[in-house]
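Please look over the sequence and the 3D view before reading on.

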Amino acid sequence: MLVEDEVRIAQLVELELSDAGYQVNIAHDGQVGLELAQAIQPDAIVLDWTLPNLTGLEICQHLRAAGNAVPIVFATAMDDPPHRQAAMAAGANAYVVKPYSINDLMETLTAQLPSAAA
């Protein structure tokens, strides 16, 4: 699942992940992203920080407070230690900074999937 408010970025990431064999659900709004994550139980979430209605951090906090252990990878332009620390403290599994290469994002995401531990 991808929660990204920038439509062009979301389309590019969806295309690349789909080409790699992933099924991708997209939300462009934080509230919609939280509701979608709760409804579909994705294998992983790629999460932007700055979103309309709920931030990525708030989504992460809500999911973790509900006991949801889905792997969460932040993919955000927030490239400073306080944001990174807040994300990790909220329960994020990984943090990738924009602009990122799609290969870096895919490697980070793949490493977080349950099948990577097997």
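Ser-115 sits in helix H6, which covers residues 114-117. The model is a predicted one. With a relative accessible area of 59%, Ser-115 is exposed, because the cut-off for exposed is over 50%. Ser-115 and Ile-102 are 13 residues apart in sequence, and their C-alpha atoms are 20 Å apart in space.

Leu-109 belongs to helix H5. Its relative accessibility is 5%, so Leu-109 counts as buried; the cut-off for that word is under 20%. Leaving out residues up to four places away in sequence, Leu-109 touches Leu-17, Ala-44, Val-46 and Val-73. Between the C-alpha atoms of Leu-109 and Asn-93 there are 9.4 Å, and the two residues are 16 residues apart along the chain.

Leu-63 is part of helix H3 and is buried, with a relative accessible area of 1%. Not counting residues up to four places away in sequence, the residues that Leu-63 touches are Leu-34, Ala-37, Gln-38, Ile-45, Asn-68, Val-70 and Ile-72.

Leu-12 lies in helix H1, residues 7-19. At 49% relative accessible area, Leu-12 is partly exposed.

| Pair | Apart in sequence | C-alpha to C-alpha |
|---|---|---|
| Leu-12 and Ile-40 | 28 residues | 22 Å |
| Leu-63 and Ala-75 | 12 residues | 17 Å |
| Ser-115 and Ile-102 | 13 residues | 20 Å |
| Leu-109 and Asn-93 | 16 residues | 9.4 Å |

**The nonpolar cores**

Which residues have the most contacts inside the largest nonpolar core? They are Val-3, Ile-45, Leu-47, Ile-59, Leu-63, Ile-72 and Phe-74, in a core of 22 residues. The elements that give two or more residues to this core are helices H2 (30-40), H3 (56-65) and H4 (81-90), together with strands E3 (45-47), E4 (72-76) and E5 (94-97). H3 supplies the largest share, four residues. There is also a second, separate core of 17 residues, and Val-73, Ala-94, Met-106 and Leu-113 are among them.

**Phe-74 and the aromatic rings**

Setting aside neighbours within four places in sequence, Phe-74 is in contact with a list of residues including Leu-47, Trp-49, Cys-60, Ala-87 and Tyr-95. Asp-48 and Gly-56 are also among the contacts of Phe-74.

The whole structure holds two aromatic pairs. In one of them, the ring centres of Trp-49 and Phe-74 are 5.5 Å apart and the planes meet at 45°, so this pair is tilted. Trp-49 is in the loop between E3 and H3, while Phe-74 is in strand E4, so the pair ties together parts that lie 25 residues apart in sequence. Trp-49 and Phe-74 are both buried. Ring pairs join Trp-49, Phe-74 and Tyr-95 into a cluster.

**The largest pocket**

The largest pocket contains about 280 Å³ of space. It is lined by 15 residues, and those closest to its centre are Met-1, Tyr-22, Gln-23, Asp-43 and Ala-44. What kinds of residues make up the lining of the largest pocket? The lining has 11 nonpolar residues, three polar ones and one charged one.

**Backbone details in the loops**

Most residues other than glycine have a negative phi, and most peptide bonds are trans.

Gln-41, in the loop between H2 and E3, is a residue other than glycine with a positive phi, near 50°. Asn-53 is not a glycine either, yet its phi is positive, at about 75°. Asn-53 is located in the loop between E3 and H3. Is Asn-53 buried or exposed? Its relative accessible area is 61%, so Asn-53 is exposed.

The peptide bond that runs from Lys-98 to Pro-99 is cis, and its omega is near -5°. Pro-99 falls in the loop between E5 and helix H5, which spans 102-112.

Terms used. Residues numbered from 1 in each chain as written. Predicted model: local features only at pLDDT ≥ 70, side-chain atom pairs only at ≥ 80, totals over all residues. Heavy atoms only, no water. Core = buried A, V, L, I, M, F, W, Y, C linked by side-chain atoms within 4.5 Å. Buried < 20%, exposed > 50% of the residue type's maximum accessible area, 1.4 Å probe, protein only. Contact = heavy atoms within 4.5 Å. 1 Å grid on protein atoms, 1.4 Å probe; cavity = no way out; pocket = protein on both sides within 12 Å on 5 of 7 lines; lining within 4 Å. Points joined across faces, edges and corners; volume = space filled by probe spheres on them. Nonpolar A, V, L, I, M, F, W, Y, C, P; charged D, E, K, R; others polar. Phe/Tyr/Trp six-rings, centres within 6.5 Å; stacked < 30°, edge-to-face > 60°.
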